[in-house]
Amino acid sequence: NHTLLTEFVLSGLSSRPELQHLLFFTICLVYSMTLIGNLLICMVTVHPTFHTPMYFFLRVLSFLDISTASVVVPKMLVSLLSEDRSISYLGCVTQLYCVVFLAATEWYLLAAMAYDRYVAVCHPLRYAAVMNTRACLSLVLLSCCSGKVVSVLQTAWVFTLSLCGPRRINYFFCDIPPLLLLSCTDTAPYEKQLISATVLVILAPFCLILLSYACIISTILRISSAESRHKAFSTCSSHLTVVTLYCASGTLIYLQPKSGNSQDTKKILALIYTTVIPTLNPMIYSLRNKEVKEVLIRVMAVLMKK
């Protein structure tokens, strides 16, 4: 006797009217920084100086960050200024599929990037042979295919559940935890497989990343130059900080989809991995690099002359 839903209403980030404009301008600023930072990385790393595996992976990472933010943020910005916060059933399916696909692909790509750094630091003489063009393309394709499989399965499982209401989603985009709260059937079996998927998609790559950096740090400790050690440690710590933040936000949301943290807490965590981290990645992975900054300055100078 349940009425199946044909559209949903997103509650947004906050229900307080006095915060809507402040949130709009803040999120708009962060989104602009995401687009500008990642587009600059895509543009600058095309330069012949950066035709290396590391910068190839960075270009793909920047594309994924732009895509993730673009799937979530524009709808969120419209919701902050409009009274109409509805999203169609098909729109919700599409948004969930894209978010899961991009997030899962990015996790596997981050593991591939950590492996690339491991080979470069720990086995420099074999680096060119191991990380050749074919290997790099294979790792990216494998990341995308794995992300697609995860996304298809998770989206199909969620929307085969009977979603019978209320149609209001206490979230700012269509995601698994708030959709499970709309189900009028037992979701316990799905929650168990979601935990397994979280382990495979987030925790397993995270452990591989930690293992890679443990080997990298062990090699760094044998460097005689204190300045080189400091620079290497600074880079590693920055990368690990972002990856840990990404891992923490993801696991806290998906390991306990219907319990544990409140929905408001999950909104903040989701905002971190869909909006904040895509802004941080260019600064952490590329814009602190001296060579990247030099090429960026030259490119900006040419654009200013035009």
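**Exercise 1. The sheet**

What is the order of the strands in the open sheet, and which pairing does the sheet have?

*Solution.* The model is predicted: local features need pLDDT of at least 70, side-chain atom pairs count only at pLDDT 80 or more, and totals for chains, interfaces and linings use all residues. Residues are numbered from 1 along each chain as its sequence is written, and side-chain values use heavy atoms, with hydrogens and water left out.

Step 1. Helices (H or I, at least four residues) and strands (E, at least two) are DSSP runs, numbered from the N terminus. Two strands pair if DSSP finds at least two bridges between them.

Step 2. Strand β1, residues 7-10, pairs with strand β2, residues 86-88, in the antiparallel sense over 3 bridges. In this pairing Phe8 stands opposite Ile87, and Glu7 stands opposite Ser88.

Step 3. With strand β3, residues 168-169, β1 pairs in the parallel sense over 2 bridges. Here Leu10 has Ile169 as its bridge partner.

Step 4. The order of the 3 strands is therefore β2-β1-β3, and the pairing is mixed. β2 and β3 are the edge strands, each pairing on one side only.

**Exercise 2. The whole chain**

State how many helices and strands the chain contains, and in which pattern they follow one another.

*Solution.* Step 1. The chain comes to 10 helices and 3 strands.

Step 1. Along the sequence the pattern reads β-α-α-β-α-α-α-β-α-α-α-α-α.

Step 2. Of the 306 residues, 45% are buried; buried means under 20% relative accessible area, exposed over 50%, and partly exposed in between, with a 1.4 Å probe and protein chains only.

**Exercise 3. The disulfide**

Identify the cysteines that form a disulfide, and describe the link.

*Solution.* Step 1. A disulfide is a pair of cysteine sulfur atoms within 2.5 Å. A search of the whole structure finds 1 disulfide.

Step 1. The partners are Cys92 and Cys174, with sulfur atoms 2.0 Å apart. Cys92 lies in helix α3 (residues 89-122) and Cys174 in the loop between β3 and α6 (176-180), so the pair, 82 residues apart, links distant parts of the chain.

Step 2. The torsion about the S-S bond is about -120°, so the disulfide is left-handed.

Step 3. Cys92 is buried at 0% relative accessibility, and Cys174 is likewise buried at 0%. Two further cysteines may be examined: Cys98 is partly exposed, at 23%, whereas Cys136 is buried, at 4%.

**Exercise 4. The salt bridges**

Find the salt bridges of the structure and state whether each partner is buried or partly exposed.

*Solution.* Step 1. A salt bridge is a side-chain nitrogen of Lys or Arg within 4 Å of a carboxyl oxygen of Asp or Glu. The structure holds 2 of them.

Step 1. One joins Arg167 to Glu7, with the closest N and O atoms 2.9 Å apart. This pair links distant parts of the chain, 160 residues apart: Arg167 is in the loop between α5 and β3, and Glu7 is in strand β1. Arg167 is partly exposed at 39%, and Glu7 is partly exposed at 32%.

Step 2. The side chains of Asp116 and Arg117 also meet in a salt bridge, at 3.0 Å from N to O. Asp116 is buried at 1% relative accessibility, while Arg117 is partly exposed at 22%.

**Exercise 5. The recorded spans**

Compare the UniProt annotation with the secondary structure of two spans.

*Solution.* Step 1. The unreviewed UniProt entry places the feature "transmembrane region" at residues 22-44, 56-74, 94-115, 136-159, 195-221, 233-256 and 268-287. UniProt positions are given in the numbering used here, feature names are shortened, and annotations may be inferred rather than shown by experiment.

Step 1. Residues 56-74 are 100% helix and 0% strand, with end C-alpha atoms 27 Å apart.

Step 2. Residues 195-221 are 96% helix and 0% strand, and their end C-alpha atoms lie 37 Å apart.
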